[in-house]
Amino acid sequence: MRLVNLEGRVGLDVAGRFVDLALHSGDRFSSDPMAAFARWDEIKTWAADQTAGAEGPLIDADKLGAPVPSPTQVFAIGLNYKDHAEEASLPIPDVPMVFTKFPSCIVGPNADVPLTGERVDWEVEQVVVIGQEAKDVTAARAWEVVAGMTLGQDISDRRLQFSSKPPQFSLGKSATNFGPIGPALVSLDEFPDPDAVGLRCWVAGEPMQESNTNNLIFTVPELIEYISRFCVLYPGDLIFTGTPGGVGSVRDPRRYLAEGEVIESEMDGIGRLSNRCVARG
Ligand code: ZN
């Protein structure tokens, strides 16, 4: 099942056409994207019958919002790919390095990114979407509390990120529109192996990042076990699971985002984000 948020209403993406959940279910389901988690299994069963003969409008990508527009919590993981830790000249962490992206930075898959300075960087990431309230989840059962996956960019202002001592990541990664996600929230059954999904990123057409989530240092189940030991997880919470090597701040020479450049991100089974960098308004 592929859920999208078209102008604030949740619906299925059936071969590129929008099947409005509330409209096509006779208001059995809500139009609110955040309400889908409470009835996830029912919606999935209903969605399975909507594959043929969908007559909804073609989905206009420019009108897509974030598939999870208002998560309660947004967790993010630093240094979770070996090649990224190595390029940053930092040791492989012994425990997950968890920070937050404040939820106000979450925007749709094609949102513009206002640049906050001269050292704004890209980070393509798998984003896990929690499906139910959970605490103290074991790794063995962790996928059971996941609704699905989407794709995200953990846009990062490196100057802000490292401006305090010791560094405090959250603000530098939470500026307006620094968290594009989408284009769809895809249920786990759509992935041949949810622990091995390819992802990549281009800036201004130049390939910058390419990896697979089977390279994660801490796997999704391990992250959920670790985080849920301390925090209650809520339906719609997001976990940005970390970025692979190839970010701009550790390239030689260093490379940062410039006005007019487009960041394109892609994840197998999910689709693409396209985010234009613009002047800060
Ligand atoms: Zn990141």
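I looked up the domain interface first: about 820 Å² is buried between domain 1 and domain 2, with carbon and sulfur atoms giving 60% of that area. Buried area here is the accessible area (1.4 Å probe) that two parts lose on being put together, summed over both. On the domain 1 side, R2, F37 and W40 supply 69% of what that domain buries against domain 2, more than any other three residues. I noted the bounds as 2–59 for domain 1 and 74–279 for domain 2, which come from an automatic or database domain assignment. Seven residues of domain 1 touch 14 of domain 2, contact being heavy atoms within 4.5 Å. The C-alpha centres of the two domains are 26 Å apart.

A note on the source: this is a predicted model, where local features need pLDDT of at least 70, side-chain atom pairs count only at pLDDT 80 or more, and totals for chains, interfaces and linings use all residues. Residues are numbered from 1 along each chain as its sequence is written, and side-chain values use heavy atoms, with hydrogens and water left out.

Next, the sheet. Strands pair if DSSP finds at least two bridges between them. β14 (198–203) runs antiparallel to β15 over six bridges, and I found L199 bridged to S211 in β15.

Technical notes. Helices (H or I, at least four residues) and strands (E, at least two) are DSSP runs, numbered from the N terminus.
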